[in-house]
Amino acid sequence: LCKKNNKKYYLALNIFAHNEDIRELETILPKLKKLDIDAFIVSDPGFIQILRQQIPEVQIHLSTQSNVLNYESVRFWKEQGVSRIILARELSKTELVMIRKENPETELEMFVHGAMCMAYSGRCNLSLYLLGRDANKGNCAHVCRWKYELLKNNSNQEILMEEQDRGVYILNSKDLNLAARIPEIISMGIDSLKIEGRNKTSYYIASITRVYRNIIDKTWKKIKDTKVRKTYLDELNKVSHREYTTGFFSSSDKDLFNFKSSEYIKDYKMVGMIESYEKHQLVINVRDEIKCGDEIEIIFPDIIDDQVIEIKKILNTSTGKELKAAHNGYRIMVPVNNKAGLIHNLIIRKKNE
């Protein structure tokens with residue numbers, strides 16, 4: 001599917017590998033050779049060595065799990081045959097500029113959006129210790145988001161963990177959002193921008209990706225439209241997220257954590273996908289409740305094409321009966337006025353009540 005659409009696809013092998021993982025990689029490598037993978041994302045030197053021996057022509061990208069924080073580390077990994085370095089999140093703009101200056105020929109990638117880590121990019125055992133889910137093997141349960149209490153030894157007496165206006169969510173990092181800084185980042189010479197999307201929905205990925213894609217494209221074309229720009233930035237508030245921060249790029253330490261709550265902000269939700277549109281009839285595969293009177297938004301690859309439709313009538317495609325509301329699993333038909341550009345597989349959302 002990726003190749004058909006002229007897209008690259010990478011395979012993440014960025015776990016912290018034990019002996020049994022080395023053996024497993026050697027077992028599956030013959031199958032991986034056949035997949036025409038554009039690059040492997042790797043953090044373990046042993047994995048890198050095996051890949052260079054077994055598939056010498058393949059591109060290797062160094063994972064952020066390797067925590068590259070300085071220009072000498074970039075040089076070292078380049079000498080090991082790594083073609084792209086995915087830099088640690090814990091870098092300021094000044095440090096990024098220096099790394100680029102000292103390594104002008106090496107591809108550099110950086111995170112611009114998504115969940116942050118209270119440790120250094122996943123180098124944390126909290127999830128493994130408390131739930132048996134290993135963050136270093138891609139299975140973090142984000143237990144750092146929890147509210148913690150401190151108790152005195154051998155008693156249930158709670159010790160208050162309050163310092164001035166800070167609360168008890170002492171490990172709870174905010175979400176990264178560098179959308180407004182993309183022109184600046186591009187001018188710094190960063191080659192690739194990375195969005196963190198583990199365990200996220202298709203709606204989240206589609207919404208976030210289109211914002212960055214459009215900002216990047218308009219930056220390259222030197223289009224400066226503050227109204228459109230605000231529309232893109234506002235879009236990032238329409239997906240489930242925690243309070244945003246610019247991370248280590250420009251924020252102070254006080255702006256990195258939310259000490260009061262780890263709740264997600266959920267103003268909108270995905271309610272369906274368009275299956276087809278023909279003769280003023282919109283066929284929708286329903287994912288969440290849609291009812292008569294709802295205003296739904298149909299989202300396009302470019303935000304400025306988004307359309308708002310009021311639901312005035314709902315028909316069950318199976319029975320032909322009119323419905324007041326439809327729920328997950330329903331396939332419905334909605335009459336609409338002639339709308340330009342409607343195609344299948346577009347996501348539909350509505351504001352949470």
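The buried residues of helix α2 pack against β1, α1, β2 (39-42), β3 (59-62) and α3 (71-79); contact means heavy atoms within 4.5 Å, and buried means under 20% relative accessible area, exposed over 50% (1.4 Å probe, protein chains only). The model is predicted, so local features need pLDDT of at least 70 and side-chain atom pairs pLDDT 80 or more, while totals for chains, interfaces and linings use all residues. Residues are numbered from 1 along each chain as its sequence is written, and side-chain values use heavy atoms, without hydrogens and water. Helices (H or I, at least four residues) and strands (E, at least two) are DSSP runs, numbered from the N terminus.

Helix α2 covers residues 45-54, with Phe47, Ile48, Ile50 and Leu51 buried. Seen down the axis of α2, these buried residues fall within an arc of 165°, so they line one face of the helix; the arc is that of the directions from the helix axis to the C-beta atoms. Gln49 and Gln53 are exposed on the face turned away from the buried side.

Two polar pairs are listed below; a polar contact is a pair of N or O atoms within 3.5 Å, one able to donate a hydrogen and the other to accept it, and residues adjacent in sequence count only if both atoms are side-chain atoms.

| Pair | Distance |
|---|---|
| Aspartate 44 side-chain oxygen, glycine 46 backbone nitrogen | 2.8 Å |
| Asparagine 14 side chain, serine 63 side chain | 3.1 Å |

Asparagine 14 lies in the loop between β1 (10-13) and α1 (19-33), and its C-alpha atom is 4.3 Å from that of valine 42.
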